[in-house]
Amino acid sequence: MKILVTVKRVIDYNVQIRVKSDGSGVETENVKMSMNPPDENAVEEALRIKETGKADEVIVISVGGEKSQETIRTALAMGADRGILIKADSNLEPLAVAKVLQKIIEKENPKMVLLGKQAIDDDCNQTGQMLSALLGWEQGAFVSKIEVDGNSVSITREIDEGLEMLKLSLPVIVTCDLRLNEPRYASLPNIMKAKKKPIDLLNVEDLGVDTSPRIKQIKVEEPPKREKGIMVKDVAELVQKLKHEAKVI
Amino acid sequence: MQVYKAPLKDYKFLIKDFLNSSTTDLILNNSDIDQSDLEMILDEAAKFCEEELLPINQSSDSEGCIFNKGKVATPKGFIKAYKNFVENGWQGISVEKKYGGQNLPYFVNMFLDEMISSANMSFGLYPGLTSNAIDAIEKSASNEIKDLYLPKLSTGEWTGTMNLTEPQCGTDLGLIKTMASPQANGSYKITGTKIFITCGEHDLSENIIHLVLAKTPNSPEGIKGISMFVVPKIIPDEEGNLGEKNSLECSSIEKKMGINASPTCVMHYNEAKGWLVGDLHKGMKAMFIMMNGARLMVGVQGLGMAEISYQSALYYAKERLQGRSLKETKNPDKPADPILVHPEIRKNLLKIKTLTEGIRGLMAWTGLQVDISRIEKDKFKKQHSDDWIALMTPILKSFSTEVGCEASSLAVQIYGGHGYIRDHGIEQLVRDARIAPIYEGTNGIQALDLVGRKMPMHTGRLLKSFFHVVKEYLEKNSFNYNLSEFIPPLAKSFGRLQQITSFIALKGLNDPDEAAGPATDYLKMFSLVAIGYVWTQYAEISYNKGKEDPEGFYKAKIESGKYYMSKILPETGSLMSSILSGAKYYNEFDDKYFDSGFAL
Ligand SMILES: Cc1cc2nc3c(=O)[nH]c(=O)nc-3n(C[C@H](O)[C@H](O)[C@H](O)COP(=O)(O)OP(=O)(O)OC[C@H]3O[C@@H](n4cnc5c(N)ncnc54)[C@H](O)[C@@H]3O)c2cc1C
């Protein structure tokens with residue numbers, strides 16, 4: 001079985017986000033970029049499934065700028081077999097990415113697609129679900145446990161009410177939660193090997209999918225600064241303020 | 001709080017701008033990597049050090065190692081971190097490919113070692129000692145021994161140790177008593193006691209390979225009679241499968257000032273089986289080949305300690321609110337300004353910063369010479385690199401470890417009482433850093449090596465590898481307008497160094513005490529000038545890069561360099577005065593005056 005794993009290059013989770021002065025977006029020049037954290041879990045899980053002998057190839061794919069190759073290399077250095085970069089300039093919306101992935105999936109025929117449950121830059125949490133709908137495949141989102149058994153996959157989902165266990169049949173779409181596993185470090189020998197692993201480069205324009213944006217971004221600005229706290233005299237004043245000023249009770 | 005992020009931007013600068021040359025590319029090429037691979041390797045190493053080693057640095061110091069009936073338990077988290085370290089292949093970073101290593105350049109290994117030393121100096125000793133053992137075996141042992149031991153050492157499945165010290169012999173290895181008796185089958189039986197053996201026993205690896213210095217029956221007196229032996233804790237068969245336990249044991253571990261998460265062991269060898277490494281009676285030679293690398297790496301430990309001291313101190317200086325800036329309040333809506341506004345704090349921070357970054361460049365340059373020497377075919381170019389390394393080794397070992405101590409002590413000062421108490425982990429840095437000037441040849445001995453051996457060697461040829469280069473550089477740049485705050489102070493301190501070098505050489509001819517006496521002062525002077533040379537080059541590079549500098553990285557280099565040239569480098573002046581006044585003030589000081597103030 002082939003597993004396809006999606007990876008996105010995002011601003012490193014340690015970096016303090018700065019908004020561009022012209023309000024057109026957030027600053028990404030000279031900012032440390034890394035693999036989207038839940039995508040690391042997805043790569044890790046694919047490698048573990050392969051290590052148990054239940055998969056024979058792990059392919060990583062990224063849709064993004066030239067530099068996304070670095071993110072693919074990181075996945076290859078963790079142990080993935082080969083990479084595909086779909087070069088796209090602008091930040092595509094989840095639906096466009098899902099359509100691009102659909103095209104590639106039709107060509108590569110993986111039986112399982114692992115995605116991060118969301119990307120920490122836009123927090124959309126949509127691509128996996130949309131992809132499942134486009135393909136008509138079964139899906140499990142926010143997954144913290146995966147067991148592959150022949151043609152079926154048992155998963156545990158992290159949902160508001162607690163944990164939900166589902167049994168899906170291949171082919172499946174799974175979006176991964178941070179609790180799924182602890183991603184490995186890229187080992188030195190694997191970093192050295194990763195250099196020789198192939199990365200296919202494709203242009204998004206050549207895929208013939210409609211990636212035009214459905215949303216118009218008007219302006220990006222910093223959230224308002226938190227106001228200074230105040231001391232209240234007693235509980236009565238607190239209740240009064242919560243009711244009338246904060247309007248939360 | 002111990003704060004540490006690997007100085008990746010500085011490494012990138014060193015690789016891309018400072019070391020950058022066709023030779024560097026050739027060296028990378030020879031290791032089958034390019035600059036972007038190098039970045040990925042350093043990124044990944046940084047992640048490991050920051051996420052796995054730093055979080056257990058303080059806890060492992062307070063827990064320490066636990067000795068129980070010949071066995072040593074390492075502190076919590078060490079087994080996991082070590083497993084992770086070796087599984088990720090870091091032990092073999094510089095080892096030849098045929099023994100399972102990655103054969104990466106030595107200067108890359110230095111960056112890795114610096115990060116490990118910053119994040120957890122004690123942890124670094126386990127793989128560090130293994131690297132020393134690998135080095136000694138690789139360079140001196142027979143093929144049989146290499147094939148048997150190197151593969152498992154380079155994966156870290158086995159670790160290594162170096163056994164020189166005995167109760168009656170530390171610096172003076174001629175006093176060694178441990179005896180190796182030859183056996184009919186070509187092996188030896190080793191008997192004796194070694195002390196202070198770092199990582200002599202622990203629970204991280206299935207086997208421990210001891211390299212032991214010993215005498216043989218009727219061997220020549222003193223160091224000429226010493227040989228080196230490989231003595232495994234568990235004796236492997238020819239395939240490397242573990243067999244019977246060797247007749248050796250760890251009888252206790254020392255309670256000590258710092259590096260508490262690494263055991264310092266008393267080792268008893270009781271007719272233990274060993275095999276000769278290299279030639280009989282050539283143990284010191286084998287040891288010295290290994291020792292040069294080991295000394296540079298101890299210098300790297302000093303550098304690593306200086307870096308974490310700097311980052312931890314800087315973090316605090318920005319957070320801690322005390323007092324007001326004398327001229328204008330920086331923090332009007334807070335009760336006080338951050339202590340970073342106070343001149344004394346700024347000076348101390350800049351002192352650590354500029355010494356650390358300067359040493360890092362000198363270290364990397366010297367590491368590059370090690371790589372050049374390995375591949376260079378041209379006899380003279382290779383000789384130049386070898387001369388540079390031999391000259392700089394005592395300088396880097398000593399000066400860098402002194403800076404490690406001074407930086408950690410200044411960090412405590414910046415934290416005030418909060419540095420002195422345990423909670424913030426800053427006093428640990430002082431305790432950990434303090435060993436580095438002692439082991440691997442005390443700093444006093446390094447200075448003697450510089451003055452007594454390296455200076456006269458090949459009638460001063462080693463000195464030329466530095467003096468000629470700086471002289472040419474000064475001539476070439478004397479009209480570089482950008483460097484007007486760099487070239488004059490460099491020229492001045494360089495002149496002082498030249499003058500003092502001939503002074504010591506001349507005086508030393510008549511009276512060796514006149515050369516040995518000021519050795520440490522001379523070494524310091526030399527270090528300051530060498531680092532001044534590095535900062536001048538940083539500035540030269542940075543002026544040229546000024547246009548592509550969105551983050552102000554190059555600007556910061558220039559401004560830091562100005563601080564070094566005007567505030568630190570002038571110390572060469574006082575060192576010069578002190579040296580010129582001669583050695584008689586201590587050498588001729590009557591022994592009985594030492595205890596003039598009290599009755600013994
Ligand atoms: C934590 C720790 C770990 C260690 N790890 C190891 C290890 O793994 N393997 C190992 O073999 N050893 C190890 N050592 C031993 C270490 O290398 C020695 O302590 C060191 O070489 C100094 O020897 P010494 O302590 O006997 O001091 P001494 O030799 O007694 O020196 C005392 C002082 O006299 C000075 N001095 C001595 N001789 C001269 C001279 N000829 N000229 C001028 N000055 C001189 C020295 O510089 C020093 O200041 C370790 C020590 C410690 C504390």
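Hi everyone, let's start with a helix pair in chain B: helix H1 (residues 8–18) and helix H9 (residues 343–375) pack at an angle of about 50°, and their axes are 11 Å apart. Axes here are lines fitted to C-alpha atoms, for helices over the stretch in contact, with angles running from 0 to 180 degrees between N-to-C directions. Helices (H or I, at least four residues) and strands (E, at least two) are DSSP runs, numbered from the N terminus.

A quick word on the source: this is a predicted model, where local features need pLDDT of at least 70, side-chain atom pairs count only at pLDDT 80 or more, and totals for chains, interfaces and linings use all residues. Residues are numbered from 1 along each chain as its sequence is written, while chains are lettered from A and ligands numbered from 1 in the order in which they are written.

Back to our pair: H1(B) and H9(B) are therefore oblique to each other; angles under 35 degrees count as roughly parallel, over 145 as roughly antiparallel, 65 to 115 as roughly perpendicular and the rest as oblique. On the H1(B) side, the contact uses Asp10(B), Leu14(B) and Phe18(B), and H9(B) brings Glu357(B), Arg360(B), Gly361(B) and Ala364(B). Contact means C-beta atoms, placed from the backbone, within 7 Å.

Now the ligand. Of the 19 residues around the ligand, Leu164(B), Gly170(B), Thr171(B), Thr198(B) and Thr442(B) come nearest, with "near" meaning a C-beta atom, placed from the backbone, within 6 Å. Strand S3 (158–163), strand S5 (188–198) and helix H13 (443–454) of chain B each supply at least two residues of that shell.

Last, the chain contact: 15 residues come from chain B and 12 residues from chain A. H3(B) gives the most to chain B's side, with six residues.

Notes: Contact = placed C-beta atoms within 7 Å.
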